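Please open the model in your viewer and keep the sequence panel beside it. The tour moves from one selection to the next and says what to look for at each stop.

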Amino acid sequence: MSEELAAPLRAGVQALGLDLDDAQQQQLLDFLALLHKWNRVYNLTALREPREMLTHHLLDSLAAVRPLRCHAQPLLEQGRAPRLLDVGSGGGLPGVVFSICCPDIEVHCVDTVAKKAAFIQQAAASLRLPNLRGIHARVETLAGPYDVVSSRAFASLADFTAWSRDALAPNGVWLAMKGKLPQDEITALPADVQVFHVEPLHVPQLQAERCIVWLRPA
Ligand SMILES: C[S@@+](CC[C@H](N)C(=O)[O-])C[C@H]1O[C@@H](n2cnc3c(N)ncnc32)[C@H](O)[C@@H]1O
């Protein structure tokens, strides 16, 4: 599988302007192979075809890496190791991809389903990712503090921010990966949550609208 996926992955990485070395690209392919292998047992994704998983999951998550790195850069320049919590991570999207591409960010993936959190732990061990951890919990029970709290295909913006608020560091931000601009969800946010940026994303090899909604406590 690795060979036929390596070329479209390389092309996608290049289109996104990401500097990922060969070892990181191999880790991404190995992650995809793990996802494919364990999907039936762990029920990680509805997608069954590796080529589809590459575009809809890997490249889709990779599109958020540059925005995340830009956000983390000032923290790194202050000599701090940023901490990120990926909420409702499921099979590790985007958390495992972030952990592979940003080795200087500590990534925790939380999910209520024990076997999904176990899969993340297994991925951390077999892909040798010391900055990755799977946590079996409801996000509402986590205290953090995390500099970035991310989610993809998780919940409405109002629920995502309410449930993960206690996990956010005082100057922390939420990174919500969405499809089309979710104007209704933005309108429904409470007054104490502020959208400070909506960042359109282009996912290579995928004709679909994507964006990141960046939020912080008001
Ligand atoms: C639709 S899946 C999305 C998985 C992944 N983020 C993706 O993009 O493929 C949503 C995940 O959220 C998890 N989940 C639901 N409520 C949760 C909560 N309160 N705390 C943590 N995880 C939760 C579910 O178990 C499920 O794995």
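Is Leu-129 buried, partly exposed or exposed, judged by the other C-beta atoms within 10 Å? Select Leu-129 and you will find it partly exposed, because 18 other C-beta atoms lie within 10 Å; on this scale a residue is buried with 20 or more such atoms, exposed with 12 or fewer and partly exposed in between, the C-beta atoms being placed from the backbone.

Before going further, note that this is a predicted model, in which local features need pLDDT of at least 70 and side-chain atom pairs count only at pLDDT 80 or more, while totals for chains, interfaces and linings use all residues. Residues are numbered from 1 along each chain as its sequence is written. The mean pLDDT of the chain (the predictor's confidence in each residue, from 0 to 100) is 95, and 99% of the residues reach 70 or more; the model scores ipTM 0.99 and pTM 0.96.

Stay with Leu-129, which sits in the loop between helix 6 (114-126) and strand 3; helices (H or I, at least four residues) and strands (E, at least two) are DSSP runs numbered from the N terminus. Setting aside residues up to four places away in sequence, Leu-129 touches Ser-99, Ile-100 and Ala-124, where contact is taken as C-beta atoms, placed from the backbone, within 7 Å.

Now zoom out to the whole chain, whose secondary structure comes to eight helices and seven strands. The radius of gyration, taken over C-alpha atoms, is 16 Å, close to the 17 Å that the globule rule gives for 218 residues, so the chain is as compact as a globular protein of that length; the rule is 2.2 Å times the number of residues to the power 0.38. Buried residues make up 39% of the 218.

Next, select the ligand and its surroundings, which comprise 19 residues, the closest being Gly-88, Gly-90, Val-139, Arg-152 and Ala-153; a residue counts as near if its C-beta atom, placed from the backbone, lies within 6 Å. The UniProt record, an unreviewed entry, places the feature "binding site" at Gly-88, Leu-93, Val-139, Glu-140 and Arg-152; its positions are given in the numbering used here, feature names are shortened, and annotations may be inferred rather than shown by experiment.

From that set, pick Leu-93, in the loop between strand 1 (83-87) and helix 5 (95-101). Leu-93 is buried, with 25 other C-beta atoms within 10 Å, and beyond its neighbours within four places in sequence it is in contact with His-57, Ser-61 and Arg-152. The peptide bond that joins Leu-93 and Pro-94 is cis, with omega about 5°.

Move on to Val-139, in the loop between strand 3 (132-136) and strand 4 (146-152), which counts as buried with 24 C-beta neighbours inside 10 Å. In the loop between strand 3 and strand 4 you will also find Pro-145, whose peptide bond from Gly-144 is cis, with omega near 5°.

Finish at Ala-153, in the loop between strand 4 and helix 7 (157-164), where phi is near 50°, a positive value in a residue other than glycine. Most residues other than glycine have a negative phi, and most peptide bonds are trans.

How values were computed:
Contact = placed C-beta atoms within 7 Å.
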